[in-house]
Protein chains: 2
Amino acid sequence: MLYVVGIGSGNEKHFTKEAEELLNRVDLIVCYKNYKKFVERFNKPIYTTGMTKEIDRVDYALKEAKDKDVALVSSGDATIYGLASLAYEINAVKNYGIEIKVIPGITACSLASAILGSPLNHDFVVISFSDLLTPLEIILKRFRYALEGDFVICIYNPLSKRRKEPFLKAMEILSEFAKDNNYVVGIVKNAGRDNEKYLITTFKELYKDIERYLEFIDMNTILIIGNSSTKIVNGKMITPRGYLNKYKI
Amino acid sequence: MLYVVGIGSGNEKHFTKEAEELLNRVDLIVCYKNYKKFVERFNKPIYTTGMTKEIDRVDYALKEAKDKDVALVSSGDATIYGLASLAYEINAVKNYGIEIKVIPGITACSLASAILGSPLNHDFVVISFSDLLTPLEIILKRFRYALEGDFVICIYNPLSKRRKEPFLKAMEILSEFAKDNNYVVGIVKNAGRDNEKYLITTFKELYKDIERYLEFIDMNTILIIGNSSTKIVNGKMITPRGYLNKYKI
């Protein structure tokens with residue numbers, strides 16, 4: 001049987017009881033090589049591959065799952081930019097007939113939101129800026145519609161050393177919308193891990209000093225752009241749910 | 001100190017280690033009355049209020065937090081339609097000066113996604129259909145932009161016994177878009193709790209038989225509408241991340 005397991009940040013405190021118990025009883029753990037450190041404490045055989053080797057990793061996990069209990073581990077939630085859908089697809093295309101079960105985990109935007117205050121506290125969009133598998137024009141089209149809808153926007157994979165174009169083009173689009181609204185922006189790096197850092201700023205500050213932010217933001221960073229009601233309250237980034245517009249306190 | 005704590009479905013297996021340890025050491029737990037059953041096992045004093053009494057509940061928790069460690073418990077994640085932002089707001093408006101910390105939890109869309117297969121495995125929108133605090137025209141505007149952007153759409157609070165209009169109006173909008181695409185729809189009721197049920201269908205099936213679905217769907221139901229690539233694979237609802245378009249297997 002194959003379990004596709006989300007482990008949140010990888011920090012032990014963010015594992016659910018279900019994930020913890022499962023990893024204690026499987027025969028084999030399969031994961032991305034940089035996440036090995038998060039699952040070594042279970043003392044199980046671990047198979048890893050590197051970035052862009054996702055198909056090898058999933059195919060190996062499925063083959064081993066024929067006569068073992070295998071955990072294919074994703075950070076965050078296994079169905080949110082994780083490997084769950086690829087496991088179902090390869091299982092079908094190759095006719096493996098393996099039973100698959102997903103164990104949910106805390107996704108990065110929940111971790112980032114808790115650190116920043118409560119920016120996700122109204123309707124929001126989750127979008128990845130990686131153009132490895134998604135054409136840039138689709139990313140930018142979605143980003144624009146998210147702004148038109150006045151959603152809070154949570155950006156995964158905002159940029160990498162070699163991939164800055166989607167981010168820069170998106171900030172150009174945001175600058176059009178920012179004429180009417182100085183969006184609050186929260187940035188969290190290494191959420192829940194060693195070296196966690198965060199900062200809260202506004203789009204205008206960010207855009208004015210974009211070179212500095214391009215240095216700070218990396219693959220392990222989550223950006224949250226507020227909606228038109230998001231504000232900074234006692235140094236935290238807060239999106240009101242609307243109670244105080246409706247009720248007197 | 002006030003901790004605003006997400007407990008996922010409420011089922012013990014979905015608590016993180018952090019939430020578990022925290023609830024074992026606070027002096028007081030404050031929550032919605034129907035969630036009392038999820039926290040009784042911690043043997044702490046519990047203060048509850050009912051629906052629409054959120055301000056009373058948060059205000060009480062903040063006042064008690066002056067000289068106690070208090071956990072204000074939300075189901076799912078405390079910053080996703082939970083009470084975290086209201087706690088920050090009341091704390092500021094009333095000048096309580098209480099230190100607040102959010103403990104993230106698994107939100108309902110991750111739970112629902114794991115049950116359905118992997119429908120959230122690409123860019124998605126989370127939107128609540130409750131018009132108690134958000135005007136209906138904003139809900140419908142956002143829903144339309146989410147469809148224009150070809151996002152996967154996850155709907156919280158789809159309808160209640162007395163609130164069916166937002167859902168019915170949204171389904172009318174969806175029927176315009178469904179001329180080009182028969183959207184896959186996943187519906188999960190009581191995710192992670194007793195009496196969990198799910199079904200996977202298409203928009204056309206749902207719309208044809210809408211009276212039956214209006215009976216099935218309730219406040220404790222999550223709806224996920226796929227994007228144009230979402231498909232049914234071996235009975236599960238899968239949104240491909242795009243690997244198999246790019247790489248040969």
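Two strands are said to pair if DSSP finds at least two bridges between them; strands (E, at least two residues) and helices (H or I, at least four) are DSSP runs numbered from the N terminus. The model is predicted: local features need pLDDT of at least 70, side-chain atom pairs count only at pLDDT 80 or more, and totals for chains, interfaces and linings use all residues. Residues are numbered from 1 along each chain as its sequence is written, and chains are lettered from A in the order in which they are written.

**View 1. Strands S2 and S3 of chain B.** Strand S2(B) (residues 28–32) runs parallel to S3(B), with four bridges between them. Tyr32(B) is placed opposite Thr49(B) of S3(B).

**View 2. The open sheet of chain B.** Five strands with parallel pairing follow the order S3-S2-S4-S1-S5. S3 (46–49) and S5 (100–103) of chain B each have a single partner strand, so one side of each edge strand lacks a neighbour in the sheet. From one strand to the next, the twist averages 20°, with axes fitted to C-alpha atoms (for helices, over the stretch in contact) and angles running from 0 to 180 degrees between N-to-C directions.

**View 3. Helix H3 of chain B on the sheet.** H3(B) touches S1 (2–6), S2, S3, S4 (70–74) and S5 of chain B, and its direction makes about 170° with that of S2(B); contact means heavy atoms within 4.5 Å. Eight of the 11 residues of H3(B) (54–64) are buried, so the helix is largely enclosed by the rest of the structure. Buried means under 20% relative accessible area (1.4 Å probe, protein chains only). Among the buried residues are Ile55(B), Val58(B) and Leu62(B).

Key. Heavy atoms only, no water. Buried < 20%, exposed > 50% of the residue type's maximum accessible area, 1.4 Å probe, protein only.
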